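Let's take a walk through a protein model together.

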Amino acid sequence: MASNNKGPGYPTPLAAMSGPRERLMWLPCINPNSKPDYLATVDVDPDSPYFCKVIHRLQMPHVGDELHHMGWNTCSSCHGDATCVRDKLIVPGLASGRIYIVDVSEEKQPKIFKVLEDELASQDLSYPHTCHCLPTGEIMLSTMGDKNLNGKGAFATFDARTFEPRGLWSSDVTEFGYDYWYQPGHDVLISTEWGAPSAFSKGFKPEDVADGKYGTHLNVFSWSSRKLVQKIDLGPEGVMPLEIRFLHDPNATEGFVGCALYANVFRFYREESGQWAAHKVISVPPKKVEGWALPDMPGVMTDIILSLDDRFLYFSNWVHGDVRQYDISDTKNPKLVGQIFLGGSITKGGTVKVLEDLELKEQPEPATIKGRTIVGAPQMLQLSLDGKRLYVTTSLYSPWDRLFYPDMIKKGSMMLQMDVNTKTGGLTLNQNFLVNFGDEPDGPVLAHEIRYPGGDCTSDIWLPEGFKTCCK
């Protein structure tokens, strides 16, 4: 989507907040039963007769891709270049390493444009994760492994028009990889670390943490030199730093990262010296339980997002089962202003009994919608441009879904929507919105990330005013 014929996206994050309401979504759907994954197109227009229905399914030609996250061929970092057209979704397969280029110029009927089969394997890379478009006319995928599934954090680049490989963005590789965010105006790219694919692809084992198979670092690169210039160790409270979000304001030199295990949020920032630093600003305490794998049930924070005006931070606490909203007007001291439980492992009547809880006085009631109990727990988040609607899916990653929520494999995941109080904070489940992926024609599937036509608060990166962009 172009804005006033001036290229993709919007000139500023605040301008994006005035963009059109989302009426269509794309979600990768993972089939846990030896059938191909597919890209689902979902109608979310409340005035449509197909509201909350999957209206199209683009089936992949292979089995076992494990589709996960998606990116764009171009975005707001190229706003100002009218030759750039946002019309291709980049859809990598975690397990297969394939990269599907999906043409969404007909939004309700996406089709496969190109398949990149061996481009990552030929560079000794595997497990592609995050894809961002760059202001240099390239797309870039972070990777997490080598061909033997050892940890290897790297960045593979491709031409944004032809999708031909352009090689590694940096010759410096890190022990682990996962997500990244860049800001050329501050000469920085920062990446995060999940772990070794040989470990996490088999499910989660606590002993793998002690054996050093999961990461704890933020990796700071110079954008201009493409060199790794600093590693920030978040320590034992920062195991598995996953989603990283700079503030959307391109002049800001700070942001947040959610650390999955133990559910801590760190604020990262640039010091006066030019070095980068991080400190913990949010922590979810563990719960003492019985009837679970361990006597202490930690929080597991699997996604965080920021509203486009940089006022609110949201995160999903996948094992406990809640979504939280924080006012981050004071970035050093986030304030909890909204919380809602949507499934999870500690609901009343389940197999887990909470013995000690530093936050709750009693276990939450099972959450239901349209007569159905919510399966799994809140995981991937997406926010409407205006910040008033928060969407969530319940699947994390099929090997971990099988371990933590085996019923979801049998019943499929769900997509839900919360209404957001953008004045004082607060989250309310919209009882009229449910997309149940357990009702799919070929059996239950696990829907994951959410993308809108025209971009969103996790796909687009803005550059400082006057910073030159070029998609040629």
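I244 stands opposite V257, which sits in strand β17. Before we go on, some ground rules: this is a predicted model, where local features need pLDDT of at least 70 and side-chain atom pairs count only at pLDDT 80 or more, while totals for chains, interfaces and linings use all residues. Residues are numbered from 1 along each chain as its sequence is written, and side-chain values use heavy atoms, with hydrogens and water left out.

What does it take for two strands to count as a pair? DSSP has to find at least two bridges between them. Strands themselves are DSSP runs (E, at least two residues), helices are runs too (H or I, at least four residues), and both are numbered from the N terminus. In general, strands of a sheet pair through backbone hydrogen bonds, either parallel or antiparallel.

Back to our pair. β16 and β17 (residues 254–259) run antiparallel and are joined by four bridges. They belong to an open sheet of four strands, in the order β16-β17-β18-β19, with antiparallel pairing. At the edges stand β16 (241–246) and β19 (276–283), each with a single partner strand, so one side of each has no neighbour in the sheet. On average, neighbouring strands here are turned by 25° against each other, direction ignored. For angles like this, axes are lines fitted to C-alpha atoms (for helices over the stretch in contact), and the angles run from 0 to 180 degrees between N-to-C directions.

Now follow the chain onward. Six bridges link β17 to β18, and these two run antiparallel; F256 has R267 in β18 as its bridge partner. The hairpin of β17 and β18 has four residues between the strands, and Y262 there takes a positive phi near 80°. Next, β18 and β19 pair in the antiparallel sense over seven bridges, with R270 partnered by W276 in β19. Their hairpin has five residues between the strands, and G274 in the turn has a positive phi of about 95°.

Is β18 mostly enclosed or mostly open? Five of the seven residues of β18 (residues 264–270) are buried, so this strand is largely enclosed by the rest of the structure. Buried means under 20% relative accessible area, exposed means over 50%, and partly exposed is in between (1.4 Å probe, protein chains only).

**Another sheet**

A further open sheet has four strands in the order β22-β23-β24-β25, again with antiparallel pairing. Its edge strands are β22 (301–306) and β25 (335–341), each pairing on one side only. The twist averages 20° from one strand to the next. Within this sheet, six bridges join β23 (residues 312–317) to β24 (residues 322–327), and N317 stands opposite D322 in β24.

**Stepping back**

The protein chain has five helices and 34 strands in total. Its radius of gyration is 21 Å, close to the 23 Å that the globule rule gives for 472 residues, so the chain is as compact as a globular protein of that length. That radius is taken over C-alpha atoms, and the rule is 2.2 Å times the number of residues to the power 0.38. Of the 472 residues, 64% count as buried.

**Pockets and cavities**

On a 1 Å grid over the protein atoms alone, a cavity is a set of points where a 1.4 Å probe fits but cannot get out; a pocket is an open set with protein on both sides within 12 Å along at least five of seven lines, and lining residues have an atom within 4 Å of a point. Grid points are joined across faces, edges and corners, and a volume is the space filled by probe spheres set on the points.

The largest pocket holds about 860 Å³ of space. It is lined by 35 residues, and W292, G344, S345, F404 and Y405 are the closest to its centre. The largest share of this lining, four residues, comes from α5.

How big is the largest cavity? Its volume is about 110 Å³. Of the 16 residues lining it, H69, R245, E449, R451 and T458 are the closest to its centre. β8 gives the most to that lining, with three residues.
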